[in-house]
Amino acid sequence: MRAAPDPGRTAGSWPAGVARRIVLRLVVGVGVLWGAATLTFLAVYLIPGDTALLILGGPDARPTQEAIDRVRQDYLLDEPLAIQYLHYLGGLLQGDLGQSYRLRIPVAEAIGQQIGSTAQLAGAAALLALPLTFAVALTSAQRRPWIRSLVSGVEVVCAATPTFVIGFVLLMMFSFSLHWFPIGGNQGPASVVLPALTLALAVFGPLSQVLRNELDDVLEQAFVLTARARGMRNAQVRVRHALRHAVLPVLTMSGFLIAALLGGSVIVETLFSRQGVGSLALASVYEKDLPVIIGVVLLSAAVYVVVNLGVDLLYTLIDPRVVTA
Amino acid sequence: MSLPFHAHFTARPGTARRIAARGAGLTVVAGLLASCASPAGTQAVSADATPVDGGVLNVSISAEPGCLDGHGISATQQQFLGRLIYDNVVTLDDNGEMAPYLAESWDISEDGKTYTFHLKEGVTFSDGSPWNATVFQQNLEHMRDPATKSPLAAAYIAPYVDGTVIDDHTFEVHLEYAYTPFLYTLAQSWLGMTSGKAITESPGTLCQNPVGSGPYVLEEYQPGQSISYAKREGYGWAPEWLGETGEAHLDGVEVTVVAEPVIRHQSLVSGQYGLTENLAPQNAAAVQADPAFTYENLPRTGSPYVLGFNLNREPFSDPAVREAFAAAVDTEAVTESLGFGTYTPVDSYLSKESKYYDPSVEGIPHDPERAHQLLDDAGWDSRDAEGFRIKDGERLTVEVPTVEASAPSPLLVQLQGEVRQAGIELEIIQLPQAQLTELRYAGDYDALAGVWHTNTTDVLFIRYHSSEITGERIGQNSSYVNDPELDEILLRARGAADGPEAEEAYSQAQHRLTDLVPGLPLYENPSQFAYSNSVQAVATDTSHPVPVLTYAWLAQ
């Protein structure tokens, strides 16, 4: 969203409040990361079962005692919780996320291998979802009841249908039957279309609902009437005046958008046999691969913090009143 | 460690349930697609066609181990993956007989404790380093090194004491006691030979960057997703039973993890993948009916799928209850329904494919009347309000823990229904994997379902010898069978050289097990895979019945 120039200030010289806001946000962000690391650490620690046996045991294993002892020693599994936790935090402070139990490589490397694929998927999904949301909401707000009902129905279906089902239906139609797209994998741009569309539909529903409701309200405001009275065309009124007001709640929902994209990637990547952070997370949870699980949670939390910071700044661009408020 | 879907997948009943649940969905899909002919519809190529060089074979696989160093994992998928990049010291030929591979010959001392291997010359690993006696020794040491964290290989070579490098290509192994299974385990995919140079210089990277001497070389590995292999230039030491020598015909093999069974099936049919290493049973009929595909359903040797009883505690400490439980279950009906007709029911504790399987051994037939009689006689002769048998105020309950899943294991649900009619309550306890493993090692259950695949009949020792009861060390005798007579037979069997003496001992062991009833045998542990007819010369191994792609080729 490019905001119209504000007569009250010039570009490049934000009020001092903005800088303070950013610093405050960053401090809170670090706190969020620490909290996320701690909670995940405790949650995984509390899963019952001996981690060493999980790493080496199972129905198809026959580990020797020496191997089990070695695992306990290497991963500090015999140490008290506090020691394990402090050791982990110490590592984090030095930028060391630890070693994956399952893959036996550094966690940063394990996540690094997958992050590009997930970024591609989430980016493509956002590129599909946002224009779709704006187009649908802008054209359907304050229209005849049957159009609203129809659009609203589609939104509800998109929002309420589990991602797995949406993905499977798309697969059946476009891959199994029509053979337009590969059934899964990471080969070529065609392979990203269906997974991205699946994710996009899941986030489109709620976003479009919120934006349209806001537009409905805004379009009844007096200034809209004024704009129309000045002879502005309907499309102009919707895009230039109403949208700017209605988009704030949608921005607020960016956090939701990121969460939905990251969470959805777990399901979508598994369904479409794609590599990515989501399928890494799933495999790691199955195997109680603690370092990788915490790594993925930290990554998600970091993305969240950054996005929220960005949203905050955007607020001030779109609606200068936010800074002083 | 392996991903959720072991191809011992029967040991993860939760997953099996998921497959079954989707079976219904698949019928719908199949209906929708009825008009859609197979795009992969290649014509069958006659068996004597000349192999074509070139092309990359795309393979889908249900899961991958997360680590490709066979010594450090126990995952089922390694049976297939290991054959691509590793060679073994010995191999089992078409007839299941021990045959040369990286060792040209070997001598076994009279007492069975010393093995002298004469190694093939001129073999190199993909990093250029040579195969020789020192490297063989390094491999055995690497398997048992605690730093390798081996969940399987170390236990298989447990009797290995040390070795002597006699000369560059002669290696002498000293075992603690006579252990005939030694050679067999050396033929298994998990025990493939790794470059000695890599073991010395970069042991920490073997998981992600394994270096073998096999027909393919690892090119790129994306853990959890895909593994790319390229043909090994200059390869020329395949085992004789493959019927060819020289380099692979394919330029490479691209293995992709496709976790969902329905998707694996569909992407095979659509031609996206030429071969799937694991075809779910509910898709078998469709693929079998399609002339454009070859479907294989081969039993894995070793222990078939068995619901093992815990003989250490009530109620299965009573042989009558064990026999009654077995008589109460219609194994054939349960198996038929579980495997969509693709599972082979068994009544023995040893797979019919295993060496020394004794067909004269007969299991307990389905006989509900006998089950009632046995339980009445054992004192479980009154019933509570829900119709379950009681004795001294206690209900006849059998606790069976299993790994937790969205729906309970279909096998256990079926067994629950079967034994309900005999007045036995089967309680399904769903637990997270780690907790299940703990409970398993603590012996805190009445019965556990599982398989154990190995290419040696020594599986009976692993599963039923008293020294394999988990105590100070972890064992696989989860039935807590502690029978001096059986112990003596099994010890004799593993010490006997292959031949009549071993055959006799293993036959005795199978009969003795049938008397002891340590569990309820259910069905063979199947390896089910399928491939398009454009893929030619897919071999299978007698150690593991999985596709061997050494000389596979793609028809134009």
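Buried area is the accessible area, found with a 1.4 Å probe, that two parts lose on being put together, summed over both.

## Basis of the report

This is a predicted model, in which local features need pLDDT of at least 70 and side-chain atom pairs count only at pLDDT 80 or more, while totals for chains, interfaces and linings use all residues. Residues are numbered from 1 along each chain as its sequence is written, chains are lettered from A in the order in which they are written, and side-chain values use heavy atoms, without hydrogens and water.

## The interface of chains A and B

Between them, chain A and chain B bury about 5,000 Å², with 59% of it on carbon and sulfur atoms. Contact (heavy atoms within 4.5 Å) joins 50 residues of chain A to 64 residues of chain B.

One salt bridge (a side-chain nitrogen of Lys or Arg within 4 Å of a carboxyl oxygen of Asp or Glu) is counted between the two chains. Its partners are Asp74(A) and Lys149(B), whose closest N and O atoms are 2.8 Å apart. H3(A) gives the most, with seven residues.

## Two packed helices in chain A

Helix H10 (residues 234-252) and helix H13 (residues 290-318) of chain A pack at an angle of about 170°, their axes 10 Å apart; axes are lines fitted to C-alpha atoms over the stretch in contact, and angles run from 0 to 180 degrees between N-to-C directions. H10(A) is therefore roughly antiparallel to H13(A), a term for angles over 145 degrees.

How values were computed: Helix = DSSP H or I, 4+ residues; strand = E, 2+ residues; numbered from the N terminus. Parallel < 35°, antiparallel > 145°, perpendicular 65-115°, else oblique.
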